[in-house]
Amino acid sequence: MATGIWLTLLSDAGEPVKKLMSMFKTYGIGADGHVWENDLEKAAWIKARANLLDKKISMWAIFGTDEELSDPEIRYGLSLLSMTVTAQKGQSFPIIVIQNGGKDPINPESLPTSLRHAQVLQASNAALGAKITAKIHTPSKKIFPEYRLDAFGHAQTGQWIEIGPCEGTWKGAMLGIDEGEISFHAVGPEGRLPERSVLEYPVKGIELATGDRKYTAWAVANELDTENSYYVQIKGCPKSLIFGAYTADEEAELYTLMLK
């Protein structure tokens with residue numbers, strides 16, 4: 001069983017990080033990681049993807065202060081990274097947020113949707129090492145939602161969101177954003193951006209609203225199964241997404257996802 005932790009430091013915190021690494025060593029936990037590069041324009045969040053998807057990594061730990069964990073740009077990048085990790089390792093893949101400082105623990109429900117299953121622990125907690133050790137050694141079965149959702153990012157090609165069904169078929173697909181701009185869409189094999197695409201009845205500029213939040217969506221009528229996906233290129237950093245199956249004459253269940 002893998003026992004490695006990938007540690008994301010939202011800044012080089014110096015002494016607190018040394019204490020954390022010492023604690024990992026005391027409990028016999030192998031840890032590696034990186035310092036967060038907050039550059040959304042270059043999609044710097046994608047750099048840690050391969051490390052987190054390594055089979056030897058069985059937990060992701062995010063270490064930061066209240067201010068860092070509240071920064072909209074950092075939260076957005078963490079959202080996309082956690083989205084792509086969850087797409088491969090499932091919602092049961094252990095993620096912990098280690099809060100450096102702050103009087104009260106952060107409520108996981110206040111985090112972006114893809115991080116709300118994370119366990120929040122304070123760095124000052126005397127039982128931090130024991131809690132992490134217990135979680136990392138607790139067996140878990142991969143759990144996936146009803147939909148497939150992944151993110152891709154590249155300095156040249158920009159950021160893309162992939163959606164599709166986890167089982168069965170969708171008669172079409174739609175994705176909308178509340179801020180930013182959708183610039184391109186395509187359909188192709190799941191797991192990789194398509195080199196070419198044929199779209200069936202593409203639609204742009206669909207106006208949607210849920211609560212007080214308004215979205216602009218694009219859609220296609222292509223039938224999607226577990227081997228084919230809908231890809232949407234986004235410019236900017238929306239606060240949330242709305243997505244799901246789409247047909248012009250039927251109501252379909254749509255999902256919303258907070259990104260900040």
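Rings of Phe, Tyr and Trp (its six-membered ring) pair when their centres lie within 6.5 Å; planes under 30 degrees apart are called stacked, over 60 edge-to-face, and the rest tilted. The model is a predicted one, where local features need pLDDT of at least 70, side-chain atom pairs count only at pLDDT 80 or more, and totals for chains, interfaces and linings use all residues. Residues are numbered from 1 along each chain as its sequence is written, and side-chain values use heavy atoms, with hydrogens and water left out.

By the ring rule there are five aromatic pairs. In one of them, the ring centres of Tyr147 and Tyr255 are 4.6 Å apart with planes at 55°, so this pair is tilted. It links distant parts of the chain, 108 residues apart: Tyr147 sits in strand S6 (residues 147–154) and Tyr255 in strand S14 (residues 254–258). Strands (E, at least two residues) and helices (H or I, at least four) are DSSP runs, numbered from the N terminus.

Tyr255 also pairs with Phe243: the centres are 5.7 Å apart and the planes at 35°, so this pair is tilted. Phe243 lies in strand S13 (residues 240–245) and Tyr255 in strand S14, so the pair ties together parts twelve residues apart in sequence.
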